[in-house]
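These are my notebook entries on a structure that I looked up part by part. I record each item together with the rule behind it.

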Amino acid sequence: MLCSCASKPDPEVEFRPLQLSWNALSPEAEAHPSKDACVIKITAQLMRESVVLQSKKENLDYRVSYGISGENLEFKGVLADDSLAGAPEYGWTSTCGSDEKVVVKFHNGL
Amino acid sequence: MSRLMEKIYALFRMNILIFGLLAATVIALFAYQNGLDDIEFLNLADYPYVIAQSDSIDGGESAIALARTDSSIIVDYELREGYAYPYAGVKIFLGDGKIRGKDLSHYDSIFVWIKPRGEGTVRLYMRAYDSTFYRENDETSLKFNEIEFFPLEETYPAVFVPQEFRVASWWVAQNEINVHNARVDLSNIPLIEIQTGTNAPLGYGTLEIKGLCFKGKKIAKVDLVTILVALWFVTFLIILVIRFFDYSRERAAARKKQEELEKNLEALQIEKSEYEKSSKEDPLTGCLNRAGFSSILLREQENLSKNGSPVSFVILDIDHFKEVNDTYGHNVGDEVLVNLTKLIQGKIRNTDALVRWGGEEFVVLCGDTPIQNAQFLAEKLRVAIEGTALIKQQQVTCSFGIAEMIPNEDPKKLFERADKALYAAKQGGRNRVVSATFKHR
């Protein structure tokens, strides 16, 4: 009992590998001033998304392409594994600008 | 034994002046006691400047005759009434007999060989020249330093010390001299008078005077003591100066030694810190090794548990590194490792720690960095590596695995998680970044 009081048990958390491959559709998109911040925001958002967290797939490998949309950047992510085409986590889109809050929308593979 | 001799020699050398002066003092005192005598004998038998004189020059009736023998002078006299104080005696002139006489002040004792053939006392006058009272061609203006005594056979010769002389009170009164100025003075005596005394009876009498002797030391006792005291004082002054310079020299030497010691200490501390540094550094790439990583990991764990500051662990592995080694040799492999280190060092923050994890594996520990930022950094590194020719022979790429530290978690689990992500990156085709994200059960 003393031992159990003295040392805290390690948290029991499970993790999955998440891979994101980023591809710019144009040089302008690559040079967009908000690109780096957007990539970080979207990565953070994706890591928190319930569809990602609840995915039955062990490894999620998204190919993310992004291009200019007006003054913003538009990101589109699709899983590399086509066998999950019908799964809710298969694809998502997100628009990211300088001030906007980033929202990642999953499209249920459609 | 030799050490004892050395100590004695050192003591002697240090105090050589004192020893020398001590010896000189003893010798001087011994010489003073047993020598250095200054004796002047005035033998009246062959001294030419002696005349007989009675009270007839003062209007008296006394008669006198002077005769010389081989060893003395004989003064025959007859004291008669006619003068208030009848007297007869001799005058002995010294020097010029007027103003330049003889200095008798440094003699300690005066011997007088005188034999009276009659009753009564004898007066001895040491007539002193003093410019204050002296009147030209007036012998009476010479100061009367007098002593009156009974010349007895038992005390032959009669011996006096200068302190026994008194200035004649009648002379002081006659010349109206302030009593403070009428002190005995034997420094310039041009005339000595030996006369019959106050109570000498009238009638015939004879004085047989052999002479006078003045005895003293060539140097006065006071002068000797003064010289010795002065010598001791100067010696101690010299010793003090020598000691002061010795002390200054020793102090300078000690300071120099201390500076040398401080320099040595500084060098040792530098050496120590270099050793410590080298023990925590990878010798090939210069980045931290696992020993160096431990302390940084502890610091970041504390930051996380105390401040909630996120910590990310990025592990990267060079793709197909074994092939590079096998194909081009270990030197080229080492070149890859060194160039890769330089490239990564140029891209990460000062607060991030680059560690050679082992072989071709590296770790970047990013303090105050959430996983998404670590992923972004890893992606930047991946692209940079992909776009850089680390060696000319072939393109080199890296795979990345990222994990974020959980508070109070065993670091091994963090490493395992990052390792799994790296494995996934390798399995996914290499040259990619994989993060270990949460998974709901």
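Entry 1. I began with B:Glu176, which lies in the loop between H3 and E11 of chain B. Helices (H or I, at least four residues) and strands (E, at least two) are DSSP runs, numbered from the N terminus. B:Glu176 is not a glycine, yet I found a positive phi of about 50 degrees for it. With a relative accessibility of 74%, B:Glu176 counts as exposed. I noted the cut-offs: buried means under 20% relative accessible area, exposed over 50%, and partly exposed in between (1.4 Å probe, protein chains only).

I then looked up B:Asn137, in the loop between E7 and E8 of chain B. B:Asn137 also has a positive phi, of about 60 degrees, although it is not a glycine. B:Asn137 counts as exposed, at 67% relative accessibility. As background, most residues other than glycine have a negative phi.

**Entry 2. Basis of the values.** The model is predicted: local features need pLDDT of at least 70 and side-chain atom pairs count only at pLDDT 80 or more, while totals for chains, interfaces and linings use all residues. Residues are numbered from 1 along each chain as its sequence is written, chains are lettered from A and ligands numbered from 1 in the order in which they are written, and side-chain values use heavy atoms, with hydrogens and water left out.

**Entry 3. Chain A.** I counted 4 helices and 5 strands in chain A. Along the sequence, their pattern reads α-β-α-α-α-β-β-β-β. Chain A has 110 residues, of which 45% count as buried.

**Entry 4. Nonpolar cores.** Which residues have the most contacts inside the largest nonpolar core? They are A:Tyr62, A:Phe75, A:Trp92, B:Ile318, B:Leu340, B:Val364 and B:Phe400, in a core of 57 residues. Helix H8 (residues 371–386) of chain B gives the most to this core, with 7 residues. I also found a second, separate core of 35 residues, which includes B:Leu44, B:Ile110, B:Ala200 and B:Ile209. A nonpolar core here is a set of buried Ala, Val, Leu, Ile, Met, Phe, Trp, Tyr and Cys residues joined through side-chain atoms within 4.5 Å.

**Entry 5. Aromatic pairs.** My search of the whole structure gave 22 aromatic pairs over all chains. Rings of Phe, Tyr and Trp (its six-membered ring) pair if their centres lie within 6.5 Å; planes under 30 degrees apart count as stacked, over 60 as edge-to-face and the rest as tilted.

The ring centres of B:Phe133 and B:Trp171 are 5.9 Å apart and the planes stand at 85 degrees, so this pair is edge-to-face. B:Phe133 is in the loop between E7 and E8 of chain B and B:Trp171 is in helix H3 of chain B, 38 residues apart. Both B:Phe133 and B:Trp171 are buried.

B:Phe313 and B:Trp357 also form an edge-to-face pair, because their ring centres are 5.6 Å apart and their planes are at 75 degrees. B:Phe313 lies in strand E13 (residues 311–318) of chain B and B:Trp357 in strand E14 (residues 353–358) of chain B, so the pair ties together parts that are 44 residues apart in sequence. B:Phe313 is buried at 0% relative accessibility, and B:Trp357 is buried at 10%.

I noted a charge here too: B:Arg290 lies over the face of B:Trp357, at 3.9 Å from the ring centre. The charged end of B:Lys115 sits over the ring of B:Tyr156, 4.9 Å from its centre. The rule requires NZ of Lys or CZ of Arg within 6 Å of the ring centre and within 35 degrees of the ring normal.

Entry 6. Ring pairs link B:Tyr125, B:Phe144 and B:Trp170 into a cluster with B:Phe133 and B:Trp171.
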